[in-house]
Amino acid sequence: MANMPIILFVDTVAYEATKTPRVGNPHDRDKWTTYDSLLRLGPLSALGLRFPPARRYSLVLLQLATLARDAGCDPKYLNASLTDLVGFADVPYEPSAVIFSDTTPSIPRVLDLCSKAKRRWPGAWTVVGGHHSTAKPASVLGAPQVDVVVSGEGEVAFRGILCAILSNTKVENIAVNGCLTQATRALASRPRLTDELDSLDAAPSPAYDLLPGGLASFSAYLMTSRGCPFGCPYCVMGLRPRTPRVLTPERTWAELLTISELTRKTYDVVHIADDNITVGNDRLSLMLRQKPLGYTPALSAELRLEYFSRKSLEDLRDLGLVQLNVGIESLDASVQQGIGKRWPLQEIVKRLALAKSIFGGALFIKAYFMMGLPGETRDSAERTTRGILELLREGVLDFASVQMFKPLPGTAMFERPGDFGVSLSFGSWGDFDRLSSPAVHGLVGMSADEIYGAYCATEKRLRSYREPSP
Ligand code: B12
Ligand code: SF4
């Protein structure tokens, strides 16, 4: 171990997910506690399932840690929510590189930690990748404490970075597709993306052993596909290739069994975080055919309303799904039209009710809504709120997660706001957290303050419907 370069992975996900100050909206603060109780006391109560803790982690960092180990380095992991990282003063080792994964709202925190890492270990490379680095690499490289910014998928590029570290290459001489340094910063306005894996099965298994307390102390999740064919104008996935790549069913089950081995003593439900679990032809049927005999974990997943069909729902039930999350976004016809959706309330009720009946009621349905999409007015926000209340009253929906719409960098609505009647106004990238800070945009029919007000008012009205009856 003595001469192995140490690569330090600093995970800011849990920090963001659990410690973001919930400014302003008092209802948001209690929402997730109530959600946890509903999971236990709602339609799944008869199954006696144990649910995972709320603590999250970054999957990609654990995958990159495996690559580091395979390359002969010594990976270390620090979780920014569990460890006091002020100045990294207590860290007893000296890393060759400190690695971060970002999202737009987490970038201020990541840059702050990069500065602290640089002060503590001036010789170590700081490397940042993720969705924000992919959409806005120039803004990340604008911080001098960042040495390497990676735009695009991580695996191929990170192998290149590890080779450069192991061969003592100077950071300014790094030549890996999709990686920019302070020396090549001028190219950041037209970033080239990293090379991608041809097959998702080539992605490494995450180094779960690095997680403090083990995987059972965190909420385990798996991505079994990358790429989304839908290209919604409000979503960053439009930046990525539209043709999805999927893990083979064999690898999917192998990963799920590994996860359940590590977590089964503590909880029963594992989340499949794909944008859409049905993506890929016949995937559900193939997965079902290869479902191992014996114990498999209960699953939750995201499903588009289009796929609430008898066949998909039966497959999902037989695969062990107990929770489906569906993005409905708005119940107002003109807002829906602006995002390419057309779902009258009655059709939504019908589809959710079909799911409930196929699962014999043993299904928890959570729906996502966004307040402040282009075309939103006070009236449309009111129609959505009333519709949500109706879905909850009908018993076809168990939990409504309402968030403020934030046009994230890389989406059509951020890059060409005028086309959508959006006017952006924000102080820092941190304002893009959908759970805390006020709106970052105004619309033709609503100011930023009105969007925020409508969101708070909706949360307040939903609250009484969220109280679980013991
Ligand atoms: C699981 C998930 C979560 C989990 C874990 C978050 C995480 N960062 O891992 C939880 C529930 C905590 C979460 C929370 C949030 N999320 Co989220 N989440 C996802 C989801 C569904 C999957 C992410 C994932 O694990 N992918 C698999 C792993 C292997 O890859 P990856 O992280 O996508 O990274 C790839 C590349 O970006 C690159 N890469 C990433 N980091 C690095 C680092 C290095 C060094 C290198 C070399 C490469 C690299 O390599 C990876 C693949 O090869 C994505 C949607 C999606 N399809 O990607 C949204 C997504 C990442 N989330 C998003 C958002 C906005 C959030 C929140 C900000 C929501 C909010 N509160 O407002 C929070 C922020 C929390 C945080 N600090 O990250 C956006 C990010 C967009 C953006 N520009 O920032 C996404 C893309 C959803 C969307 N379509 O808008 N999320
Ligand atoms: S919102 Fe969902 S369906 Fe639309 S592009 Fe993004 S991931 Fe795909």
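A crossing of two helices is called right-handed if the near helix is turned clockwise from the far one by less than a right angle. In the predicted model considered here, the crossing of helices α10 and α12 is right-handed. The axes of α10 (residues 310–319) and α12 (residues 345–358) come within 10 Å and cross at roughly 40°. The two helices are therefore oblique to each other. On the α10 side, the contact involves Arg310, Leu313, Glu314 and Arg317, which meet Leu354, Ala355 and Ile358 in α12. These contact residues comprise four nonpolar and three charged members, with no polar ones.

The model also contains an open sheet of six strands, arranged in the order β2-β1-β3-β4-β5-β6 with mixed pairing. Strands β2 (74–79) and β6 (179–181) form the edges, each pairing on one side only. From one strand to the next, the twist averages 20°. Helix α3 (residues 59–70) lies across β1 (6–11), β2 and β3 (97–102), and runs at about 175° to β1.

Definitions and conventions
Residues numbered from 1 in each chain as written. Chains lettered and ligands numbered in written order. Predicted model: local features only at pLDDT ≥ 70, side-chain atom pairs only at ≥ 80, totals over all residues. Axes fitted to C-alpha atoms, helices over the stretch in contact; angles between N-to-C directions. Helix = DSSP H or I, 4+ residues; strand = E, 2+ residues; numbered from the N terminus. Parallel < 35°, antiparallel > 145°, perpendicular 65-115°, else oblique. Contact = placed C-beta atoms within 7 Å. Nonpolar A, V, L, I, M, F, W, Y, C, P; charged D, E, K, R; others polar. Pairing = 2+ DSSP bridges.
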